[in-house]
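Student: I am new to this structure and would like to know what stands behind the terms used for it. Could we go through them one at a time?

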Amino acid sequence: MYVLKFRGAGQGTKALIAELIAGELARAAGFLVPELVFVNLDPDIAKTEPDPEIQDLIRASGGVNLGLDYLPGSVMFDPVAEKPDAGLASRIVWFDAYVTNVDRTPRNANMLMWHRRLWLIDHGAALYFHHAWKDMDQRSKDPFPLIKEHILLPFATALESADEAMTKAITAEVINGIVNLIPEDWMTDSPFSTTAENRQAYVDYLTRRLEEPRNFVQEAIRAR
């Protein structure tokens, strides 16, 4: 069973791209992330849906969507009940600052506890730069001040060692492989003339963001 991320919802295919890239980067970095799969949705399914709003959503989402493996019995992470160790918390804070994930706050943790292990979910709000594609040379060095609202920041006492571990895990080869997974028809709404240019822009941003100085790491340390 999968939770379907509709291409016709909210931010459209850009949210699916962020979900795919950030989710698979997190998995490559050693975090637990539910399996992500491509789901081809037939818009005719809307005929059996009684809710008009859901009908419209299904009709707008025909084609390739993204599915997230459903974790039965999982519960939302609670920082009062669960206190992750400093290493894990620091790596997650580093990662969310790297992918500019604005959606891992006390209001909405987007982390699940399943079989007593911490799982990361819902990365569609990450990589928000791709909603504009402006000043990309500078954007890759953005410090991400919103990290101050991260739910795990109080536990992240090992950010310096996390920086070393994460930069070893997320390599140029890993980035290229993940960006190449993006379906072509998810990249039609962009200022680029070809999908190859669009893919390269993602690779360039994510690669340059790993170069020193990593302002997002220093910002996380300062915020803590």
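**Terms and values**

Tutor: E49 sits in the loop between strand 2 (36–41) and helix 2. Helices (H or I, at least four residues) and strands (E, at least two) are DSSP runs, numbered from the N terminus. This is a predicted model, in which local features need pLDDT of at least 70, side-chain atom pairs count only at pLDDT 80 or more, and totals for chains, interfaces and linings use all residues. Residues are numbered from 1 along each chain as its sequence is written, and side-chain values use heavy atoms, with hydrogens and water left out.

Student: Why is E49 called partly exposed?

Tutor: Buried means under 20% relative accessible area, exposed means over 50%, and partly exposed is in between (1.4 Å probe, protein chains only). E49 has a relative accessible area of 22%, so E49 is partly exposed.

Student: With which residues is E49 in contact, leaving aside its neighbours within four places in sequence?

Tutor: Contact means heavy atoms within 4.5 Å. Leaving aside those neighbours, E49 is in contact with I54, Q55 and I58.

Student: What makes the pair of Q55 and E49 a polar contact?

Tutor: A polar contact is a pair of N or O atoms within 3.5 Å; within protein, one must be able to donate a hydrogen and the other to accept it, and residues adjacent in sequence count only if both atoms are side-chain atoms. The side chain of Q55 reaches the backbone oxygen of E49 at 2.5 Å. Q55 itself belongs to helix 2 (residues 52–59). Its contacts, apart from neighbours within four places in sequence, are A46, E49 and P50.

Student: How do you know that L4 counts as partly exposed?

Tutor: L4 has 25% relative accessibility and therefore counts as partly exposed. L4 is placed in strand 1 (residues 2–5). Not counting residues up to four places away in sequence, L4 touches V39, L41, N65, L66 and G67.

Student: Why is F144 called buried?

Tutor: The relative accessible area of F144 is 1%, and therefore F144 is buried. F144 also has a positive phi, about 60 degrees, although it is not a glycine. F144 is found in the loop between helix 4 and helix 5 (159–169).

Student: Which peptide bond is cis, with omega near -5 degrees?

Tutor: That is the bond from E212 to P213. P213 lies in the loop between helix 7 (195–208) and helix 8 (215–223).

Student: How do you know that the radius of gyration agrees with a compact globule?

Tutor: The radius of gyration is taken over C-alpha atoms, and the globule rule is 2.2 Å times the number of residues to the power 0.38. With 224 residues, a compact globule would have a radius near 17 Å; the protein has 18 Å, so the value agrees. Buried residues make up 47% of the 224 residues. The secondary structure comes to eight helices and six strands.
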